[in-house]
Each structure stands twice: as structure tokens, then as C-alpha cells.
Amino acid sequence: MLRVIQAFGLTSNPRKELPPAVDDVSFEAYAGHVTALLGAPGAGKTTVLRLMLELQPGRGVTHFRGRPLHRIGHPSREVGVLLGEVPGHPARTVRGHLRMLCAAAGVPARRADEVLEVVGLVSLREERLGTLSRGMDRRLGLACVLLADPHTLVLDEPARGLSADENRWLHGMLRAYAARGGTVLSTTDDPKEAARLADRVVTLERGRVVADQPAADFSRTRLRPRVAVRTPHAARLSALLAKEARTARRSVEVAQEGGNRISVYGSTCADVGEIAFRNGVVVHQLADETGDMGPGAGTPHAEQPSAPSGEPPSAATPPPAVEPPSAVEPPSVVEPSPAVEPASDPLPSAAENPAGSRAGGGCPLPESSVGLPPHISVRPAPRPLRPVRYEIRRVTGVGTGFLVSAVVLAVSVLTAALLARTGHTPQPRLLAAWPRELPLPPAALGAGLLGALASGDEFRHPALAADRGSVPRRLGLLTAKLLVASATALVLAVLTIGCDAEVLYLLYGRELVEVPGDWFPLGVSWLGLVIGCAWTGVLAAGIFRSTTAGLAAVVAVPLLVVPLVRKAVSGPSVRTAAGLPLRLREMFPLQWPFGGERYLEGALRMFAQPVGGALTLSLAVLLCAYLLTSLRNRAR
């Protein structure tokens, strides 16, 4: 049997004076099997998963088919992870989110529609992530982990918040995934769910493994059938049941669970109902359940012997190995079946999941004939396989960029109109809506903000395991972000000049919008300023992992770097670079093709300006810092 997951000595770092949440946890999960990590809330299940996925510092190692996660070239192809909520922008649509992840994982865009059909979200594909219910979010999370066709699924309480029908569908889906040769590791705090779903159950208690056993052994040693009864005469019925058991020489245990509820072990619903009917006891509930005997239970004890003759039965004292009243489940989770379902439940049949039945959130449950999405072939790579496509879908999938651009154009037009009214602003600054009192024009600030958004809010790499941390600082992904940010800044710069010129022409006439003679170098300087601010936002947000830090770096260029540059170049001893284009032309006797000296002059004029020089210096520093952090992460 192939061991796919091997966890060795997982131990979390101590928390001040408290013991570690997870201490020396070791277990294995096999291909073609579902393994359940069972434990009460706070037992350390989520911490174990985070240690396995290298999301949390600690000791120990986990191998996925013989390799730790950081040595796997394409982690999403090997491990599909669902921890907590689905990470994504709340304004992005379900289909747009999946198509963006398809570009990152290098799979065809049609894969998004395939997994949406499998998880039953086709009718909600245009819904925003922020509007999904808990159950629909769980379905979307499963769709995300299935995109790259991983060999292993690692799921943290995937059934939490699902209805009973959705629970059966989820169990059938995971069983089918394992039957196809995949490996499933899922956490749960419900022993009955673990017995129904898993082939093997690993039980945690206070951060330690207390049991690692097949599902059949787990059901025999941990679970026990019982009859749940609710009656206003609980004490009287308990005494009658004990008396009947002594008369018939049967071993029957009666546990008072609190209030008007009792649990009867060693009997059936029919026997309890007949005894209550014969003695005129009103019964409000009578149902078969499976009782949990607690994580420390071993082989179940024999039924409690009947009380000696002449002694009244003690119905208020729970028998050994029966969970305390506080741990008994409420009646809302009572199951209609008297026995634990087998671990190899098939996919839900049409009778269990009829067409048109509704799941939580108003979404029809998928037909059982849909099955799993087909296998695909993915080229291994530790980065977005289609970075430009990924970045374009990331930018256009939400309205933030369009909103920022609209606000920039409105502020720029209003500023240009006010500056023209005062009549003291030169025409280049007037068209750019750049008053001397502001460090940067609105277009440059907007481009910097859009660039910061590229590596700030969504700096987590969706192609890796969920919450793996920052995007790997790969040059391919950085180049894609810079290209898309440059295109966005270019469009914003052109639209700003065009809108400002149009409004000035309508309000004040033609004299304010005449094309200056040196329009080319001015245009190059303007485009260089806006694109440079966008690049500054991308690099700064990527280094500090924060949109705010990216925008702060953009604003810091004119406020902090420009004064330093002016101070460095000022003074009589500093020689200027005046006439550099002419001297370069003299070095090359042949004429520059396509008027190349004009382009060079425009670029040099931009660098000669204080803001241009400061921006160039800042970009150089940020790029070096980005590369250094990339090398440091690779060396780890």
C-alpha cells in the first residue's frame, strides 16, 4: 500500500509558559484511502495541518510522496488545500475567481466550468464571493482544490456548516476521489462522521495522537449504539427499564443525560416503546443513535450488570465508558439509522439526491452522474504558468481598478479647471493637473495605488497551497505585474491628458490646449513619471506585502527622495550633464535611425528633473531589495 503522506514528529513552538498545541504527532495516510484526523475543538487538528503545509513554524517534517512541500515543483498539482474560508477578493465572481486560478495553475479556462458543474455551483457562477453562504463557500473551496487535479486533498473540517444533504454529497465526492486513487486527509470533531467517511481514523487529544486505527476498529472501540428517549417522566421510565432488564436477565444501561433526556444502552426502540406504553409513560422522542464513548475509550466495557435484588436501579449515574452529559450531542444530530454507516459509502443515488432538490443557499445539489472532473496534464512549475494571463484576470476581475481610474480622472479634471481659473500654472502642469503644492499629480498617485494593489491585497500565490504566504519572488511573475501595471498606467496617463485638455477647451477656449513645441520630451517625461510610480507601487508592495506600504513609497519619492537628490547635486563643485545628447551624437557619426536622438533627449530630460531622478533612484533601490529577498527565500 502506497504511503502518500508521512508526518514525523510534528511539534509546534511553545506558547510562552503553555505547552505546545501539537506535540510529537506522527501518522501516515495512504493512496486510495480517506484518513480522518479526529479531535475535539482545541485538540490541535488545524495546527497539525498548518505544520504539514509549512504555514507555521515548528519541528518535524511531512513528506508528500517522499518529498516535503517546499521541494515540490508545483505544489497545487500535488496537494489541494482547504483551510478556513476561501481566500479571494469579495467582489470577484465565482467563475472569475476560478478562471484566475486556472491561469496561475496553467490549466485551460474551461476547467473552471468543469469543477463548477461537479460541485453544483453552475447557477451561482456570476455571484460575488462576498455573498456566498457558508455551504456555498465550502463548495467553492472544494472547486478550487480540484482545479489542478491534485493527488492529495488536505481539508480542514470541510463539512462544517453544510446541511445533511450536502454532507452526504461531500462524503460521496471524497469517497469517489479516493476510489480513483487519490489521498484524502480531512479533519473533523464528530466521531460518527469520521466513522462514516474514513478508512482510517487518527484521534488527537491535547495535541497528541491517542489512537491510530482502521475505521472498523474505531467504530467498535469508540462508538456504541443507544436509544435516545425524551420524556417528562425520565426517572420513572429509567426505573421501569431497569426493572424489566432484571426480570428478563438482560444487561441494559440507563444514563440520565440531563433534564428529560435519557440514553438506553443494550436495548432497542421497540422494547423501550413497549415498556413505556404498557406503563402509561408519555414519550416525546424515541430514536436510535450512536454514542461516543470519548477519545480515551478502548475496547468497550460489557453491559452494566443489573442491580442486586431489592436495590433500586441508579438511573442518575451514567455507566462506565459513557460520555458525560455535557458531551452528549443535542437531538438535532440524531441519526435515523441504528448502526454506523459503512466507510465505503457510494456516491449519493438519485433517490437520496433527487434532481431539483435544494441545498443551503438556494443551489441545486449536483446529479450523482456528474462524478469528478476528468484528469488533466499540468506542466510542473513553482510559479504561475501563465503569469500575464493570470495578472490580467486578476486586475479585470474586480472593479477596484476601474473605480480608482474614474476617481483619478474626476479629480484631475476638477484640479485642471481650478488651476486654469487662477491663471498662474504653466501649460504642461495645467494639462497634467499638477499644482506646485502637490508632490505628485493625481494620475501618478492613481497609478502608484493600482501598482500597489497588484502585490498588496492579493500577494498570496493562488497556485500554491492556501495561505502559503507571500508570492514567490519569481522574475516571470514580477515581469507580468510590471507589464500590466505599465499598460494600466499608460492608459491612465493618456486619458488624463485627453480629459483635462477637453475640459479646458470647453471652459476656456483653444489657447490653453495648444500643443507646445517640445511636446515629445514632455510626453516622454509624463509617461515615465506615471509608469515609474506604478512600478514603485508594485515593487514596494511586493517587498513589504502591503498595499499601504506601496502607496507610501510612491508618496515618499517627491517628499523624501527629491530633497536628498537636490541636495546631492547642488553646489558649484558638481558638474552638470548639459549637452549630453549633442556629445553622444558626435560619438556616432551616422545619423540615429527614426530620430532616436529625440527619444534619448526626452529620457535624459526626465532623469535630469529632480522627481525623475529621485524616481529612478527609488526604483533601482526597490528592485535590488526585491531581488535580494528573492534570493534569500530561495536559500531557505
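Modeller: Helices (H or I, at least four residues) and strands (E, at least two) are DSSP runs, numbered from the N terminus. By that rule V107 is in the loop between helix 3 and helix 4. This is a predicted model, where local features need pLDDT of at least 70, side-chain atom pairs count only at pLDDT 80 or more, and totals for chains, interfaces and linings use all residues. Residues are numbered from 1 along each chain as its sequence is written, and side-chain values use heavy atoms, with hydrogens and water left out.

Colleague: Why is V107 called buried?

Modeller: Buried means under 20% relative accessible area, exposed over 50%, and partly exposed in between (1.4 Å probe, protein chains only). V107 has a relative accessible area of 1%, so V107 is buried. The C-alpha atoms of V107 and L147 are 7.8 Å apart, although 40 residues separate them along the chain.

Colleague: What share of the protein is buried?

Modeller: Buried residues are 47% of the 636 residues. The protein has 20 helices and 13 strands.

Colleague: What makes helix 3 oblique to helix 4?

Modeller: Angles under 35 degrees count as roughly parallel, over 145 as roughly antiparallel, 65 to 115 as roughly perpendicular and the rest as oblique. Axes are lines fitted to C-alpha atoms, for helices over the stretch in contact, and angles run from 0 to 180 degrees between N-to-C directions. Helix 3 (residues 94-105) and helix 4 (residues 110-119) pack at about 125°, with their axes 8 Å apart. That makes helix 3 oblique to helix 4.

Colleague: Which residues of helix 3 and helix 4 meet?

Modeller: Contact means heavy atoms within 4.5 Å. V94, R95, L98, R99 and C102 of helix 3 meet R111, A112, D113, V115 and L116 of helix 4.

Colleague: Is the crossing of helix 3 and helix 4 left-handed or right-handed?

Modeller: A crossing is left-handed if the near helix is turned anticlockwise from the far one by less than a right angle, and right-handed if clockwise. The crossing of helix 3 and helix 4 is right-handed.

Colleague: Why are helix 4 and helix 5 called oblique to each other?

Modeller: Helix 4 and helix 5 pack at about 135°, and their axes are 9 Å apart. Helix 4 and helix 5 are therefore oblique to each other. Their crossing is right-handed. On the helix 4 side the contact is made by R111, V115 and V119, and on the helix 5 side by R139, L142, A143 and L146.

Colleague: What makes strand 2 and strand 4 edge strands?

Modeller: Two strands pair if DSSP finds at least two bridges between them. The open sheet of three strands has the order 2-1-4, with antiparallel pairing. Strand 2 (25-30) and strand 4 (58-64) each have a single partner strand, so one side of each is left without a neighbour in the sheet. Neighbouring strands of this sheet are turned by 10° against each other on average, direction ignored.

Colleague: How do you know that strand 1 and strand 2 pair?

Modeller: Five bridges join strand 1 (residues 3-12) to strand 2 in the antiparallel sense, where DSSP needs at least two. In this pair, A7 stands opposite F27 of strand 2. Helix 1 packs on the sheet, touching strand 1, strand 2 and strand 4, and its direction makes about 110° with that of strand 1.

Colleague: In what order do the strands of the six-stranded open sheet run?

Modeller: The order is 5-6-7-3-8-9, and the pairing is mixed. Strand 5 (79-82) and strand 9 (208-214) are the edge strands, each pairing on one side only. Neighbouring strands here are turned by 15° against each other on average, direction ignored.

Colleague: What makes strand 11 mostly covered?

Modeller: Five of the six residues of strand 11 (residues 253-258) are buried. Strand 11 runs antiparallel to strand 12 (residues 261-265), joined by five bridges, and V254 stands opposite V264 in strand 12. Their hairpin has two residues between the strands, and G259 takes a positive phi near 70° there.
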